[in-house]
Amino acid sequence: MIRRVLFAILSTLTLVAMRVAPLPAQEREDRTLLSQEVMTAIINEVSGERAMHYILDLVPWQRVRLPEEYNGTPRESQVMVRYAKKFGFSNVTIEKFGTATTAWQPTQGELWMTTPKNVKLFDIQDITLALASLNANGDLSGELVDVGAGRAQDFEGKDVKGKFVLASGSTSQAYNQAIQRGAIGVLGVSAIGFQRAADFPTQIVSSNVNAQPNTVAWSVTPEVQHNLAAMLLRGDKITIRSITKSVQVPSQQEYVHAEIPGDGSTSQEVAISGHLYEGLIKQGANDDNSGCALTLEIGRAYLKLIAEGKLPRPKRTINFQWVPEISGTNAYLNAHPDKAKAIIGTLNFDMEAIRVGSNRSYWVLQRTPDTYPSYLNDVAQSMMEYIADISRERVRFRATGYAPSEPVESQHGSRDAFYIKIDKHYGSSDHVTYMQHGIPAVMFITWPDMYYHSSEDTPDKLDPTQFKRAAAVGLGGLAVIATGTDEMAARVVADNLGRGLSRMGESHTKGLGYLADATATTLPQAYKEARNAILHQAGIEKAVVTSASVLWTNVDDGKKKTAAFLPLIDQRAASLLNEVKAGYQLAAVQRGVPATEPAVTPEEKEAASLMIEQVAGAAGGRGGGGGGGRGAGGPSLPTEYTAEFSLLLGKKMTVMQVRDFLSGEFTPIALADVMTVLKARETAGSIKLTPVTPPTPVKKKK
């Protein structure tokens, strides 16, 4: 018995030792753009606990902001400035932008059921997002009527005049329908909230309604909506009372800026960003106070490692941006064109710290789109994969103990696996704005986030371990792009080439898949698509390598060095095209058809002869990395194509080139579908399809 107890104690101590010190089981594949020694120093310094402390200072709970806060500086800006100055950041400033306006701020909001019993259902001091109509004022009472989903047809045959309506659908949609029919208020559930009702019955997803006088709009939880509907179904008469008070307050947007100065050897700079505000009413712990807390911790750790001699002072000045989402970034870059010109890359952090294990989530890198190929993607991916690998227990190392090689965990955080995903571009955050100003930018995000834009986006959902891992990735990536040496530039290009080979291999696999899925009839088109996938990716990889020229001390010298790799990428593509051709020939034999070279169709000839020109003042085509692009009405392409499609319209390409680009980046899209959308836009006056004038042949001298 004693022997068993001693063995258990020794086993426990062994495991504890493993958790506080890196194991010797490392291999050369565990590498990134920084040395293992530097990465270990970064991992040891960044703190998920500190990032959580900042969160609890920034948004301890979703609160009703006091009216007097609008007269000065909001809490979040004050917190960021206080910490940034404490940690030794330089040039810490708050800048106002835009025109000063007024906004509505609720000061009281109570929703009661007064019959058949007296129950307070919601109070904005408890759940701020419950009141959807921020401008509502009054003490209103009326009978409750269930209108189902709250669509127009759901109101048929129901008298709602002077009453409250209960809807299982969108609060704003139900409100608009109800007020038209004389109702005084609505209790609704957002569409997202309804979808999540089974898993999150007590969650309210943010919804805003501009209320008419003497009316009110409330968003209720799926649970409350269900219970009230059940009471009405069994015949209970329910009376609702709403008490609201709102005041108009001064409102002007602001952002916080801070720097880690470079050594003065270059005019180039880099940036790291997170959005501190998404409107002053909405306050989210993960979206996106987590991104601001994380980047603050990255800066603190960077400064400390510089002071200790574990990291060199960066050559490039690092700009820290804590902004109102998108509008703040745009305002800063417009107000400081010198910065817009100097910044060569940005890491954007939007929603970083949800506990991924319990949230069915991944920590995702959203790459730049193919319309904006950049060296920056591989820098970020390199760091993510390194931290993920050393954070997982690998069975081939079990001889040295059952534990990760170098656990990247916080004392009060989870021990979850580090679930990561390298994904295609997605917009709708500040990285898009940087690209629109000509600056490459990537976004890191936890997705899905089950508490996104909801009453439950609170600090208790966040994980210090996720913070620590994200901080290690962010600081590592930031150190790479801020280093500013030719040696680091060469390292990045080497990484671009290696990872580019992998991406070309993926395009090759994709193309061979098209052949495998083809029938005898569709095989020639599948062969075209397979070739297009490889040629498209080769073009992207050449642009990626070229983009790294900016990392050299002398950019012109960098262009010469990177140019040497471009013909080698063409050679890679030629080899892959030969393999695809062999695959086409094999597929043709299997299907009993000849492997003839596919002919150019009349539709393809027409598409290749039409140049797309944007009409002056039309939307789209600026910069890179758009988040939307559906256009106003008319036919449209599937959602995943629309942002890139809109950007391509401004790049003076033919219809065929646009179709091939979209098909190469995503999956093949029918030329007819692209042409339909373009013809509709031409009719609407946003573009012109201009025939390409063929070049005049040069006559040979006799």
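This short talk goes from the overall build of the protein to one of its residues, tyrosine 54.

Please keep in mind from the start that what we are looking at is a predicted model. In terms of secondary structure, the protein holds 21 helices together with 15 strands. If we ask about its overall dimensions, the C-alpha trace spans about 95 × 75 × 60 Å when it is laid along its principal axes.

When we take the contacts between residues at least 6 apart in sequence, 79% of them join residues that are at least 24 apart. As for charge, there are 73 positive and 73 negative charges, and their mean positions lie 3 Å apart.

Now to the single residue. Where is tyrosine 54 found? Tyrosine 54 sits in helix H3, which covers residues 48-58. Is tyrosine 54 buried or exposed? Its relative accessible area is 3%, and because buried means under 20%, tyrosine 54 counts as buried. Leaving aside residues up to four places away in sequence, tyrosine 54 touches Tyr83, Phe87, Ala293, Leu296, Glu297 and Arg300. Finally, tyrosine 54 and serine 410 are 356 residues apart along the chain, and their C-alpha atoms are separated by 15 Å.

Terms used: Residues numbered from 1 in each chain as written. Predicted model: local features only at pLDDT ≥ 70, side-chain atom pairs only at ≥ 80, totals over all residues. Heavy atoms only, no water. Helix = DSSP H or I, 4+ residues; strand = E, 2+ residues; numbered from the N terminus. Contact = heavy atoms within 4.5 Å. Lys, Arg positive; Asp, Glu negative; His and termini not counted. Charge placed at Lys NZ, Arg CZ, Asp CG, Glu CD. Buried < 20%, exposed > 50% of the residue type's maximum accessible area, 1.4 Å probe, protein only.
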